[in-house]
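User: Can you walk me through this model? I'd like to start with the charged pairs, then look at the helices.

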Amino acid sequence: MSAPAMGTSKTAHSDSSNKRKKGPGTLAVAYLVIYNVVMTAGWLVIAVGLVRAYLARGSYHGLYYSIEKPLKFFQTGALLEILHCAVGIVPSSVVLTGFQVLSRVFLTWAVTHSVREVQSEDSVLLFVVAWTVTEIIRYSFYTFSLLNHLPYLIKWARYTFFIVLYPMGVAGELLTIYAALPYVQKTGLYSITLPNKYNFSFDYHTFLILIMISYIPLFPQLYFHMMRQRKKVLGHVEEYSKVE
């Protein structure tokens with residue numbers, strides 16, 4: 001939130017604040033509720049698919065294949081969240097939302113889909129499970145918030161489960177990219193070599209390494225940001241409980 005401009009009258013500031021705080025219209029809210037319900041249901045389908053496949057096989061190896069299609073569909077469907085921010089019906093940062101969504105879509109399509117050799121890796125299941133639990137909670141949180149009827153349990157889960165799920169997901173993502181490196185280097189996947197008419201080269205193998213390195217500064221920032229949000233949202237409730 002930005003600080004109010006110096007020298008602005010209280011009335012003008014109040015009017016502008018009311019305009020800024022005004023939420024999406026009725027149609028936008030209805031659309032967002034439907035979107036979040038569908039996304040919640042989609043990730044529940046993925047969760048059920050994982051459990052059923054595990055019970056049928058008796059092993060967690062290769063469970064990715066049982067949920068590959070719904071995972072691609074619903075993770076790609078998250079791209080609409082960037083549009084929601086861009087048009088203003090969701091008051092979140094377009095840049096931050098874009099980074100979070102595109103990183104997952106990239107891992108889904110440009111790594112896991114494109115390098116089929118990694119699909120049987122346990123690391124894929126690691127991030128898929130982390131994503132699945134996270135998204136069921138997140139979309140449920142958004143749905144109930146839009147309906148102005150947010151159960152405390154979902155609110156608590158939203159700001160608590162990430163403590164384990166976020167590092168778990170990041171570990172799975174990094175290990176999957178790492179597992180893909182030898183195959184990318186061997187096949188020259190998505191790489192462009194010289195000479196060519198555009199006089200441009202691109203090494204996808206190096207690009208993936210740079211992405212892995214980018215996790216070093218970005219992960220702590222996002223993780224501790226969520227920790228601060230947790231303290232802000234749940235802190236007063238926990239302090240009240242201690243007093244009682």
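Analyst: What follows covers salt bridges, annotated spans and helix packing. Keep in mind that this is a predicted model.

User: How many salt bridges are there?

Analyst: The count comes to four salt bridges.

User: What does Arg 138 pair with over in helix α4?

Analyst: Glu 81. The two side chains form a salt bridge, at 3.0 Å from N to O.

User: Which parts of the chain does that pair tie together?

Analyst: Helices α6 and α4. Arg 138 lies in α6, residues 122-146, and Glu 81 in α4, residues 80-87, so the bridge joins parts that are 57 residues apart in sequence.

User: Are those two side chains buried or exposed?

Analyst: Both count as buried, because the cut-off is under 20% relative accessible area. Arg 138 is at 11%. Glu 81 is at 10%.

User: OK. What about Arg 104, which residue does it bridge to?

Analyst: Glu 135. Their closest N and O atoms are 3.1 Å apart. This pair also links distant parts of the chain: Arg 104 sits in helix α5, residues 94-113, and Glu 135 in α6, 31 residues away.

User: And the accessibility of that pair, what is it?

Analyst: Arg 104 has a relative accessible area of 17%, so it is buried. Glu 135 is buried too, at 2%.

User: Which bridge connects Glu 135 to Arg 138, and how far apart are they in α6?

Analyst: Their side chains meet in a salt bridge of their own, 2.7 Å from N to O. The two residues are three apart in helix α6, which means about one helical turn separates them.

User: Which residues make up the network, then?

Analyst: Glu 81, Arg 104, Glu 135 and Arg 138. Salt bridges link them into a network.

User: Switching topic. Which residues does UniProt annotate as transmembrane region?

Analyst: The unreviewed UniProt entry gives residues 28-55, 76-103, 159-184 and 204-224.

User: What do 28-55 look like in the model?

Analyst: That span is 100% helix and 0% strand. Its end C-alpha atoms are 40 Å apart.

User: And 159-184, what is the helix content there?

Analyst: It is 88% helix, with 0% strand. The end C-alpha atoms of this span lie 37 Å apart.

User: Now packing. How do the axes of α5 and α8 sit?

Analyst: They come within 10 Å and cross at roughly 30°. Helix α8 runs over residues 162-187. The two are therefore roughly parallel, since angles under 35 degrees count as such. α5 passes α8 in a left-handed crossing.

User: Which residues touch?

Analyst: From α5, Leu 107, Val 111 and Thr 112. They meet Glu 173, Thr 176, Ile 177 and Ala 180 of α8.

User: What about α3 and α5, at what angle do they cross?

Analyst: Roughly 140°, with the axes coming within 10 Å. Helix α3 covers residues 64-77. The pair is therefore oblique. This crossing of α3 and α5 is left-handed.

User: Which residues make that contact?

Analyst: On α3, Tyr 64, Glu 68, Lys 72, Gln 75 and Thr 76. On α5, the residues include Val 101, Arg 104, Val 105, Thr 108 and Trp 109. Arg 104 also belongs to the salt-bridge network.

Notes. Residues numbered from 1 in each chain as written. Predicted model: local features only at pLDDT ≥ 70, side-chain atom pairs only at ≥ 80, totals over all residues. Heavy atoms only, no water. Helix = DSSP H or I, 4+ residues; strand = E, 2+ residues; numbered from the N terminus. Buried < 20%, exposed > 50% of the residue type's maximum accessible area, 1.4 Å probe, protein only. UniProt positions renumbered as here; feature names shortened; annotations may be inferred. Axes fitted to C-alpha atoms, helices over the stretch in contact; angles between N-to-C directions. Parallel < 35°, antiparallel > 145°, perpendicular 65-115°, else oblique. Left-handed = near helix turned anticlockwise from the far one by under 90°. Contact = heavy atoms within 4.5 Å.
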